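Here is a short briefing to read with the structure open beside you.

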Amino acid sequence: MDCTVDHYIAGMLLSGVGDALGYRNQLWEFNKSGPAIHQELQELGGLKNISVELPDWPVSDDTVLHLATAEALATGKADKELLHEVAFRYVEGMKDMKGRMPGVSTILGIKQLCPGTEGGYRVPYNSEARGCGAAMRSMCIGLRYHHPDQLSSLVEVAVETGRMTHPHPTGFLGAVASALFTSYAVQRRPIATWGLGLLKEACPIAKTFVKSAGYAVMETESGWDYFTGKWKWYLDLRGLSLGTGPVAWPDQYGPAERDKAYTSFSLSGWGGGCGHDAPMIALDALLGAGSDWEELMSRAGFHGGDSDSTAVIACCCWGVLYGIDGVPQCNYRNLEYRGRLENVAQKLYALSH
């Protein structure tokens, strides 16, 4: 099935749904184990009975900043003009953070942005900025630059917008991964090939671009190998190092086992908390769930780590792949910022098709 404007709308809208569900107004993200969340979910009547709406189910900083990226891209600006536009919208987005829990690197990075001034879209290198804040807001870059011959544009925009807050490669390469996987969803590329494409196609372009851009080159190169090494490890673990299936799953892989597995993916002990493992968990969920919305949310959104950030990535890709028909209307009917998400999706589709 070709990717239509309805798939773009589903991608943007469901990214917000996954964010709101995984976040649960600060109650679930980082605060509960996967089994405990699944137990609470059943007490709420199951996913099909949850009305995702204010005040109980707000979106987090993930969606606010994903919208900022998307609405900047939808202006049609390019090159440095686009980067200043993104930086401006990130600064504006920080005015809408009450109760949304932005991360430390995101707060610090955006404070240092000076859009409109020479080089004002760049911030000083930060060796601690390895979190998932860049990954969670970059899926829309893959909607804008989805053609295979636009891969360099996708990578360059993801790198530059990612390191506005996360200049460490573990952080900004997460933006590359989220954007790339979304573009692969638009292309209808088999999911089993996505991880290898990240390592073999996108990461080398990113490394070359970092050198040519001439910004924090030595620091970036010194921190590069963790991201690529962990992704090689993951592809070996799942039997995907050649980009073909079948996927190698553990015999038991329920909520408790997934919590343990996601911790092993992580740098800090919080599954999905960094730039490498937020898209990794999203991909793991997409590989395991197929077209089943409830299974996708079970794997990507209801676990003991950074559950909203893994869900926001997975659900965007899932919506682009499968549309919205398999999702209960109550999950998205009254979602916060639904109108903005749908509107920008239509603009990105028109710009990119």
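A word on naming before we start: helices here are DSSP runs of H or I with at least four residues, numbered from the N terminus. By that count, R188 sits in the loop between helix 8 (169–187) and helix 9. Please keep in mind that this is a predicted model.

**Helix 15 and its partner helix 1**

- Helix 1 (residues 5–23) packs against helix 15 with the two axes 7 Å apart and an angle of about 155° between them.
- Angles over 145 degrees count as roughly antiparallel, and helix 1 and helix 15 are therefore roughly antiparallel to each other.
- The crossing of helix 1 with helix 15 is right-handed.
- On the helix 1 side, the contact is made by H7, A10, G11, L14, S15, G18, D19, G22 and Y23.
- On the helix 15 side, the residues in this contact include S307, D308, A311, V312, C315 and C316, and also W318, G319, V320, L321 and Y322.
- Sorted by class, the contact of helix 1 with helix 15 has eleven nonpolar, seven polar and two charged residues.

**Helix 15 and its partner helix 14**

- Helix 14 (residues 293–300) and helix 15 (residues 307–322) have axes that come within 9 Å and cross at roughly 150°.
- That angle makes helix 14 roughly antiparallel to helix 15.
- Helix 14 and helix 15 cross in a right-handed way.
- Helix 14 brings W293, L296, M297 and A300 to the contact, while helix 15 brings S307, T310, A311, A314, C315 and W318.
- The contact of helix 14 with helix 15 divides into eight nonpolar and two polar residues, with no charged ones.

**The second largest pocket**

- The space in the second largest pocket comes to about 280 Å³.
- Its lining has 14 residues, and D79, K80, L83, E156 and F209 are the ones nearest the centre of the pocket.
- Which helices each supply at least two residues of this lining? They are helix 4 (79–93), helix 7 (151–162) and helix 9 (194–213).
- By class, the lining of the second largest pocket holds eight nonpolar residues, five charged ones and one polar one.

- How many cavities of 30 Å³ or more does the structure hold? There is one.
- The largest cavity has a volume of about 30 Å³.
- Lining the largest cavity are S105, L108, G109, Q112, V123, P124, N126, T165 and P167.
- The lining of the largest cavity has five polar and four nonpolar residues, and no charged residues.

**Backbone details in the loops**

- Where would you look for cis peptide bonds? One runs from L54 to P55, with omega near 5°.
- P55 is placed in the loop between helix 2 (34–43) and helix 3 (61–73).
- Another cis peptide bond runs from G245 to P246, with omega near -5°.
- P246 lies in the loop between helix 11 (225–237) and helix 12 (255–265).
- R188 has a phi near 65°, which is a positive value in a residue other than glycine.
- To find R188, go to the loop that joins helix 8 and helix 9.

Conventions
Residues numbered from 1 in each chain as written. Predicted model: local features only at pLDDT ≥ 70, side-chain atom pairs only at ≥ 80, totals over all residues. Heavy atoms only, no water. 1 Å grid on protein atoms, 1.4 Å probe; cavity = no way out; pocket = protein on both sides within 12 Å on 5 of 7 lines; lining within 4 Å. Points joined across faces, edges and corners; volume = space filled by probe spheres on them. Nonpolar A, V, L, I, M, F, W, Y, C, P; charged D, E, K, R; others polar. Axes fitted to C-alpha atoms, helices over the stretch in contact; angles between N-to-C directions. Parallel < 35°, antiparallel > 145°, perpendicular 65-115°, else oblique. Left-handed = near helix turned anticlockwise from the far one by under 90°. Contact = heavy atoms within 4.5 Å.
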